[in-house]
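Thanks for coming. I will go through one structure this morning, starting with helix packing and ending with the backbone.

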Amino acid sequence: MKTDNYLVKKYNKQGPRYTSYPPANLFVSDYNNKKFIKSILKSNNEKPENISIYIHIPFCPQICHFCGCTTETGFSFKFIEKYINALLNEIDMMVNYIDTERKVTQIHWGGGTPNAIPYKFIKQVTDKIKSTFKLDENYEMAIECSPAYFVLKHIDQLKEYGFNRISIGLQDFDEKILNAINRKPSKIPVNNIITKIKNTGFSGTNIDLVYGLPLQTVEGFNNTLKKAIELDVDRIAVFSYAHVPSVIPRQKILEKFTFPSAEEKASMYNNAYKIFKDFGYQPIGMDHFAKPSDELSIALKNKELHRNFQGYCTLKTTGQVYGFGASSISQLHSSYSQNEKNAAKYIKFIENNKFATFRGYNLNKNEKVIRKIINEIMCNYYVDLAKVAKEFNTKIEEIIELTSFREDRFKDFIEDEILEISNNKIKVSTKGRIVIRNIAMRFDPLMIKNTKSYSKTI
Ligand SMILES: C[S@@+](CC[C@H](N)C(=O)[O-])C[C@H]1O[C@@H](n2cnc3c(N)ncnc32)[C@H](O)[C@@H]1O
Ligand code: SF4
């Protein structure tokens with residue numbers, strides 16, 4: 001059996017993270033408001049029937065230099081107020097086209113740091129969602145939070161507004177590393193925050209960790225993993241640091257520090273996998289771990305795990321995703337539509353009663369087939385091409401042609417024991433998880449052209 005270091009050396013190349021297919025950098029600029037409206041109308045009759053809502057709050061009091069999210073800093077109360085008013089108006093504008101008889105199953109607040117804006121604005125938006133849409137009785141409403149801006153009473157407020165899941169970005173517990181990435185540590189002990197969330201009756205808590213940050217060591221990250229276990233949350237995300245300074249210039253500042261090598265990053269991932277698995281967590285997709293009773297673990301068992309820009313989800317909870325706010329992406333069955341990224345420009349568009357679409361993509365049938373295959377590989381580590389052919393009412397030969405699926409193109413993966421192929425069924429082995437992006441890329445006709453603007457796969 002080949003060693004992990006061998007896999008790291010061989011496969012650590014640039015490639016997409018596949019949070020969408022095609023990846024967002026391939027969205028086109030001639031996708032405009034008119035096309036967006038057409039896409040919304042079409043989505044009303046597409047599967048999944050449910051509605052998912054994404055709210056983007058692009059503000060952070062302090063910007064972490066590693067961060068790849070769309071966020072800005074230095075804003076006044078007045079500006080945030082204008083932004084929230086624009087977002088409320090955007091909801092009004094969009095529901096002229098969305099069939100709101102469908103139920104909302106998932107609401108996700110991302111950022112930026114949504115928990116760092118005045119809470120009256122959070123309430124205004126949640127009230128608007130509740131008065132505009134029909135919430136499913138089992139809806140999930142999650143919010144991405146930085147612990148640096150929490151006081152315990154905020155957790156009561158979020159519960160009162162209807163949130164039932166809180167996701168906390170920790171990245172690392174070591175203040176030396178947080179300092180290096182210009183990140184504010186938690187004001188109160190993280191343990192107290194988690195305990196408060198549990199005692200307040202939230203149905204779920206996630207934490208985010210990142211490996212591959214400057215100054216991190218394998219040993220130091222083991223301590224972070226142990227501390228994460230002690231928090232006893234139901235989901236843990238362990239993201240590989242994506243270093244792409246050509247796309248995110250602020251990351252250049254970090255290059256004065258020492259980064260862990262690709263081999264050390266692989267050890268960090270493998271240790272996380274082992275420690276969390278030994279503790280009883282179920283590995284989910286590329287970088288998540290969930291308690292066995294968590295709905296993501298159950299969905300994985302039933303091969304019903306799904307993924308959208310907001311992370312892993314189940315086929316049951318996810319719907320057509322309608323995005324609101326600067327840079328948000330509406331992720332519909334047949335299209336992606338992204339809003340203007342700059343908050344001030346976004347506000348201007350909405351104030352002029354115009355949508356703020358800046359780029360997007362209409363998918364054809366072949367692209368939907370490839371998206372399905374890549375999704376299955378990234379989420380369920382398994383794909384049965386005959387099943388995909390049946391779902392898309394096409395012949396297996398066409399799928400094979402479309403993805404250039406010939407065993408000789410996968411020979412290296414088979415020899416390295418990272419996947420097995422039998423009867424057009426592809427199964428990724430446990431050791432193949434670390435190179436899952438490379439496996440997905442092999443099915444992607446777009447990757448034959450250019451992979452330069454992506455982060456390394458490990
Ligand atoms: C919007 S942020 C989380 C919410 C909050 N602002 C915070 O920092 O805690 C979403 C998550 O994306 C992850 N992330 C951001 N930039 C990343 C990068 N360059 N590589 C890998 N993960 C990244 C971090 O784990 C972060 O918690
Ligand atoms: S990691 Fe969170 S707090 Fe830091 S800049 Fe990104 S969104 Fe803001």
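Predicted model: local features only at pLDDT ≥ 70, side-chain atom pairs only at ≥ 80, totals over all residues.

Helix 3 and helix 11 cross with a left-handed sense. Helix 3 covers residues 77-94 and helix 11 covers residues 343-351; their axes come within 9 Å and cross at roughly 45 degrees. The two are therefore oblique to each other.

Which residues make that contact? From helix 3 they are K82, Y83, A86, N89 and E90, and from helix 11 they are A343, Y346, I347, I350 and E351. By class, the contact of helix 3 with helix 11 has 6 nonpolar, 1 polar and 3 charged residues.

Now a second pair. Helix 8, residues 218-231, packs against helix 9, residues 262-278, at an angle of about 25 degrees, and the axes of these two helices are 10 Å apart. That angle makes helix 8 roughly parallel to helix 9. Their crossing is right-handed. Helix 8 brings V218, F221, N222, L225 and I229 to the contact, and helix 9 brings E264, S267, M268, N271, A272 and I275. Sorted by class, the residues of this contact are 7 nonpolar, 3 polar and 1 charged.

The protein is divided into domain 1, residues 22-362, and domain 2, residues 365-448. Between their C-alpha centres there are 28 Å. Domain 1 puts 12 residues into the contact and domain 2 puts in 9 residues. On the side of domain 1 that touches domain 2, the elements giving two or more residues are helix 9 and strand 9, the latter at 305-308. Strand 9 gives the most there, with 3 residues. That side of domain 1 divides into 8 nonpolar, 2 polar and 2 charged residues.

Next, the ligands. There are 17 residues around ligand 1, and those that come nearest are G68, S146, G169, D208 and F239. Which elements give two or more residues to this shell? They are strand 2 (103-111), strand 4 (165-171) and strand 5 (204-211). The shell around ligand 1 is made up of 8 nonpolar, 7 polar and 2 charged residues.

Around ligand 2 we find C60, I63, C64, C67, C69, T71, G111, G112, T113, S146, G169 and R183. By class that shell has 5 nonpolar, 6 polar and 1 charged residues. S146 and G169, listed here around ligand 2, were also named among the residues nearest ligand 1.

Last, the backbone. G111 and G112, both from the surroundings of ligand 2, are joined by a cis peptide bond with omega about 15 degrees. G112 sits in the loop between strand 2 and helix 4, which runs over 119-132.

Where is the other cis bond I want to show? The peptide bond from Y21 to P22 is cis, with omega near -5 degrees.

One more residue to look at is S327. S327 is not a glycine, yet its phi is positive, at about 70 degrees. You will find S327 in the loop between strand 11 (320-324) and strand 12 (329-332).

That is what I have; I can take questions now.

Terms used: Residues numbered from 1 in each chain as written. Chains lettered and ligands numbered in written order. Axes fitted to C-alpha atoms, helices over the stretch in contact; angles between N-to-C directions. Helix = DSSP H or I, 4+ residues; strand = E, 2+ residues; numbered from the N terminus. Parallel < 35°, antiparallel > 145°, perpendicular 65-115°, else oblique. Left-handed = near helix turned anticlockwise from the far one by under 90°. Contact = placed C-beta atoms within 7 Å. Nonpolar A, V, L, I, M, F, W, Y, C, P; charged D, E, K, R; others polar. Near = placed C-beta within 6 Å. Domains from an automatic or database assignment.
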